[in-house]
Each structure stands twice: as C-alpha cells, then as structure tokens.
Amino acid sequence: MPATSATAPKPGHKAPCPPAFHRLRFLSVIGGFLDGQTFEFAEGLNCLIGARGTGKTTALEFIRYALDMLPDREEDPAERRRIESLVQENLDGGRIQVGIETKDGLVYIVSRSWGEEPIVLDADRQPTDVTLRRGAIFRADIYSQNQIERIADQAPSQLDLIDNFESQRLQELELELQQMHAALESNASQILPLTSQMAALGEELSTLPNVEAQLKAFTAGQDGNGAEINRAHALKGLRDREHRAGVRAQDVLGRLARDLSGLSGRLARETGTLVDTEQARGPNGAILGQIATGLASASRDVDGLLTQTQQRLSAAQTDLAANLQRLALAHKQKELEFRALIEQHQQAQGRAAERLQWERLRNDLLAKRRQHDEIHQRLTELHQQRDDLLRRLSELRDRRFAVRNAVAERITAELGPAVRVTVTQYGNPEHYQRLLEESLRGARLKHGIVAQKLANALWPTDLSAIIKRKDADALVERAELNSEQAEKIIAALSSAELLFQLEVVELMDEPRLELKDGEEYKDSRSLSTGQKCTAVLPILLLDREKPLLVDQPEDNLDNRFIFETVVISVRTIKRRRQLVFVTHNPNIPVLADAERVFVLDSNGEQARLVNQGSVDGCKHEVVTLLEGGEEAFKRRRERYSY
C-alpha cells in the first residue's frame with residue numbers, strides 16, 4: 001500500500017487545490033518483478049532512470065494496463081500482445097494500484113490484477129461504479145518505445161494522435177455515429193425482406209388483368225336477366241372477401257394468444273435457478289437473496305399482467321367468433337338466394353362453377369394487392385427514414401472532420417513553420433476499396449485492380465446510383481474500364497444488401513503530417529527515422545490536460561534537438577501538464593530540471609527503487625547511469641576544454 005502524506009486528500013475526495021489537469025499520484029505494485037515498489041509522482045516532470053532490464057518500461061506499461069488504455073485489438077494487435085505479455089510475465093499474479101487525480105481535483109485509486117477488469121476505489125478504498133471506459137473520468141497519453149516512429153508511418157496512428165486533442169468531443173461523436181450506423185443497419189434489415197416480399201406479390205398481381213378480363217367475359221352476351229345475375233355474382237364475391245377478413249382476424253388473435261401463452265411463467269423458469277444453494281450461503285448471499293426475491297416478485301407481476309392480457313384476448317376471440325357466426329348465417333341465407341337465382345337461368349347455371357373459380361382467384365389477388373399496397377406504404381416510410389438517417393450520418397461526419405481540422409490548424413499554428421498538419425475529409429478510401437474487393441471476388445476480374453480503379457474514380461453514392469440504373473457506359477467512361485468489365489461489375493454489385501453497404505461505407509479522413517526540410521515540406525512517411533521523431537515528438541509535447549508518458553522519447557534524436565527543442569518544450573509545459581519519461585539521456589532530467597527522478601536497479605529476478613527525489617537528490621545515480629560515471633564526465637569536460 002503506498003504511503004500517503006497527512007495532507008493528501010482521501011481517494012474519491014476533492015483535493016484542497018486541484019490542478020487544472022489530470023495527474024498520476026502514485027504507482028504501487030504488489031507481487032511480481034516490481035513487488036513492493038511505490039512511485040510517488042510529482043506534478044511536473046518525472047523521469048525513470050536505470051540500467052536496461054531494471055523495470056522502467058514495465059512500470060510505464062503497468063500504468064497503461066491499470067488504466068485500461070492498451071492499443072485496440074483490431075488496429076494494433078501486435079503491440080497489444082507485446083504489452084499484455086510483458087504485463088503478465090512481470091506481474092506474475094500480483095496487483096497494480098495507480099492513484100489518479102482528475103482535473104477537477106477528484107482522487108481515486110485504480111486497482112487491477114492480470115486478466116481482471118480495473119476496479120476504481122472510493123475514499124474508503126471500496127469498489128465504486130465509476131468506470132474508466134472511454135476516458136469517462138481520466139485519460140493519459142501513453143507511448144511505448146518506437147511508437148513515435150510508427151505514428152509518423154501510419155495514417156490511423158496520426159488520426160488517433162489528432163483525436164487525442166479533443167478526445168471527449170470526438171468520443172461523443174463516435175458514439176452518435178455508432179448509433180446512426182446501428183439505426184441504418186436496422187432500417188436495411190426491414191427494407192430488404194419487404195422489398196423481396198413486394199416483388200413476389202407484384203409477380204402474382206401481374207395476372208390480375210387477365211383474371212378480370214375473364215370475369216368480364218362472363219357478363220357479355222347474357223339475356224335480359226344478365227344485370228341481375230352479375231349483381232348476384234358481385235355480392236357473392238363480396239361475401240368471399242368478408243369471410244377472408246374474418247379468417248384473418250381469427251388468425252391474428254390466435255397467433256398473439258399463442259405467443260402470450262409461451263411467455264407465461266417464462267421469467268420464473270429462466271431465473272428460478274440462477275442462485276444455487278452454495279451462492280445463497282456464501283458471503284454475498286444476502287444480496288443474491290434480494291436479487292432472487294426481486295426476480296420472483298417481477299415474475300408474479302408479469303404473469304399477472306399476462307393473465308389479464310390473455311383474458312382480454314380470449315374475450316375478443318369470443319366476441320369475434322359470435323360475430324363471425326352471425327356473418328356466416330347471413331352468408332348462408334344469401335347463398336341460398338344466389339343458388340335459387342342461378343337455377344332459374346339455365347345458361348348462368350352452366351357457367352356458375354367456372355365463374356366462381358375466377359371470382360375466388362380475383363378475390364385472392366385483391367387481398368394480395370391490399371397487402372402489396374400496405375408494404376409499398378411501409379417501404380416508402382422506411383426509405384424516407386433512411387434518407388433522413390443518411391443525412392444525419394453525413395452531418396455527424398462533417399462535425400467530426402471540423403473538430404479534427406481545428407486540431408490540425410492549432411498544431412500547425414503552434415509548431416509552424418517547422419511542422420505542418422492537415423486533414424483531408426474522406427481522403428482515405430481503404431474501407432470502401434476493401435468492400436469492393438470482397439464483393440468482386442468470384443466475378444472473374446482482377447478484383448484488386450478493378451476495386452482500386454472504382455474507389456479512385458467514384459464516390460460510393462455515385463457508384464451505387466450507376467449500379468442501380470445499370471449504366472455500364474458510365475463505368476467505362478469514369479473508371480477506365482472496358483465494356484466486359486463494366487457488365488461483370490454491375491452483375492456482382494447489384495444486390496440490394498450491397499447497395500445499402502455502399503451508402504454507409506466509411507471514407508476515412510486522411511491526416512498528413514509534414515516536416516519542413518529546407519524550403520520544402522516532406523511527408524512524415526518519407527522521412528528518416530530521426531526526422532520522423534523530430535516531427536512527431538513536438539506534437540506530443542504540446543500543452544494538454546492529460547499526463548504524457550513516453551518510453552525513451554530521445555530515441556533516434558540527436559542531443560542538439562533534445563536540448564533546443566525537447567528540453568525547452570518540457571520546461572514550458574511541465575507547469576501545466578504532468579510528464580513521465582523513461583530515459584537514458586541526462587539532458588532531459590538535468591536540463592529540464594525534473595521534479596522527481598526514480599532510480600531503478602535489479603538483480604535479474606527482482607527490481608527495486610534504490611532512490612527517488614529531485615535531480616540534486618539523485619545526482620550520484622544520474623551521473624553514474626546517464627553520464628557514464630563521474631570519471632567519464634570529468635574526462636569529457638577536460639577533452640572539450642570547458
């Protein structure tokens with residue numbers, strides 16, 4: 001358990017004079033390679049020094065793991081596995097505790113063991129419902145060794161770097177975007193089956209004109225009683241439709257009654273055995289007992305409401321059955337009158353059976369036409385809803401770009417002309433191109449090349465419109481394809497499901513990080529390793545409210561740049577931002593005047609803090625570990641004649 005001063009606020013309480021930025025208060029490790037070690041961090045610059053293999057990187061990655069800030073599994077799986085392996089091996093079944101203080105002065109302790117979720121403790125060191133997910137209360141910027149170089153090489157990493165400057169606003173936008181994508185997916189899942197159903201009904205309804213022509217033929221060439229017979233047949237057709245309506249009503253009520261019957265007792269059946277005897281007798285038996293009691297009470301209430309609903313449905317079924325019986329009697333009476341009329345006319349009697357078959361077919365088709373019209377109306381509503389969702393999706397993406405663009409302009413204003421950052425909206429078609437590649441597999445095309453041509457030549461919405469109208473000429477003209485390729489593309493991309501995917505596919509914003517080299521700006525991906533770090537590190541060192549933790553920021557940088565840029569930046573921002581560096585370069589702790597230096601040593605099996613304090617308090621270790629020792633330091637001074 002870390003030591004705390006008498007004046008330190010209790011976890012979960014407000015600090016007397018809260019800083020204007022988030023800060024780490026301490027790291028404490030129980031078990032494993034750093035067992036028993038406590039790092040009490042200062043508000044400004046903190047430096048971890050020591051020989052290689054003494055646990056400096058481990059300490060930094062322990063903090064990252066405790067705060068649940070590992071790289072994303074999908075975006076950087078290799079780096080995540082590396083960190084997880086390091087933490088698992090060096091924690092060895094132990095536990096990490098990290099004290100944090102928010103910019104509002106709230107103090108918490110985060111406790112985490114390997115393979116478990118972080119637990120945020122309150123003032124009495126008891127678990128709370130506070131979560132670290134999405135940086136809800138606290139965030140830090142943490143960069144592993146060589147990660148700075150990877151930022152310069154990878155557009156997604158540069159985008160993450162930009163997003164970190166406005167993480168809260170952008171996370172809120174990302175949540176809205178996820179909800180919008182979910183709504184669009186739900187919308188498509190409703191449209192697709194209804195579209196297929198309406199198409200099938202449309203094919204059947206194509207026979208309706210022929211059926212009506214056949215019925216019309218029966219009315220031609222009749223004697224003087226033809227009008228009366230036609231009227232009788234029309235009424236018989238009406239009775240058939242009335243009967244169908246009653247059957248449909250019975251079916252609806254019956255299905256609903258069966259569904260409700262299946263729900264009765266379901267809650268009790270599925271939750272009645274959740275709490276077993278061992279759990280009930282365990283240390284949390286009282287809480288589990290309350291859960292079981294609450295579920296049982298809810299089950300009784302739900303079943304009571306279901307019983308009331310079933311009774312009401314049963315009454316409706318009884319009323320419906322009575323009315324249908326009355327309707328059936330009325331139909332029988334009219335049917336007797338119809339037969340009597342037909343029997344009076346020999347010609348009508350001979351053709352009645354055939355005419356009745358055609359009338360039944362017509363009534364069946366009329367019922368399907370009503371169903372077709374209902375589906376058409378529902379699809380019209382769903383497509384209107386989709387248009388609105390797509391408009392809102394576009395607006396959210398515009399708002400996200402505006403935030404990113406403002407960050408890029410701010411970085412350029414603060415670091416220019418040496419460093420320039422820009423963002424191009426929709427500049428990265430990677431997801432779009434990947435969707436096309438997957439969709440064109442099996443189309444007997446060079447799907448990779450063709451997908452790239454399409455992605456470079458056409459916006460997804462333009463391509464979707466071309467596919468819908470089967471405009472092969474437009475594909476040939478705009479995407480530099482031949483006619484055969486265009487026809488194959490239209491055939492491969494014509495499914496409604498794929499066209500919906502094209503409407504929402506993500507065209508990612510494309511960042512561009514450039515370093516001025518002489519009179520020209522060069523893209524960070526084309527720079528030397530040292531130049532890449534020269535471009536990225538100043539961005540990391542900009543004023544922010546989140547702690548910055550970097551493992552060996554001096555890697556690949558010359559000492560002149562460290563002195564003229566890094567040290568000056570650190571001295572400026574450390575009054576407004578907490579910094580934690582693992583370093584082997586003496587210029588950083590000494591010339592930037594580190595508030596706290598942590599000196600680590602190891603016997604190969606166990607690491608330990610041999611000293612911690614100011615630069616003056618750790619002078620011997622700084623000289624020995626970073627300068628090569630006092631003798632080496634003096635010899636260099638003599639050699640340079642200083």
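In which strand is Glu510 found? Glu510 belongs to strand 9 (residues 508-517); strands are DSSP runs of E with at least two residues, helices are runs of H or I with at least four, and both are numbered from the N terminus.

The model is predicted, with local features needing pLDDT of at least 70, side-chain atom pairs counting only at pLDDT 80 or more, and totals for chains, interfaces and linings using all residues. Residues are numbered from 1 along each chain as its sequence is written, and side-chain values use heavy atoms, leaving out hydrogens and water.

**View 1. Surroundings of Glu510.** The side chains of Glu510 and Asn428 are joined by a polar contact of 3.4 Å (a pair of N or O atoms within 3.5 Å; within protein, one able to donate a hydrogen and the other to accept it, and residues adjacent in sequence counting only if both atoms are side-chain atoms). Leaving aside residues up to four places away in sequence, Glu510 also touches other residues, including Ala155, Thr422 and Arg525; contact means heavy atoms within 4.5 Å.

**View 2. Thr422 in strand 8.** Thr422 lies in strand 8 (residues 419-428). With a relative accessible area of 32%, Thr422 is partly exposed (between buried, under 20%, and exposed, over 50%, using a 1.4 Å probe and protein chains only). The C-alpha atoms of Thr422 and Arg512 are separated by 5.2 Å, although the two residues are 90 apart along the chain. Beyond its neighbours within four places in sequence, Thr422 contacts Ala408, Glu510, Pro511 and Arg512.
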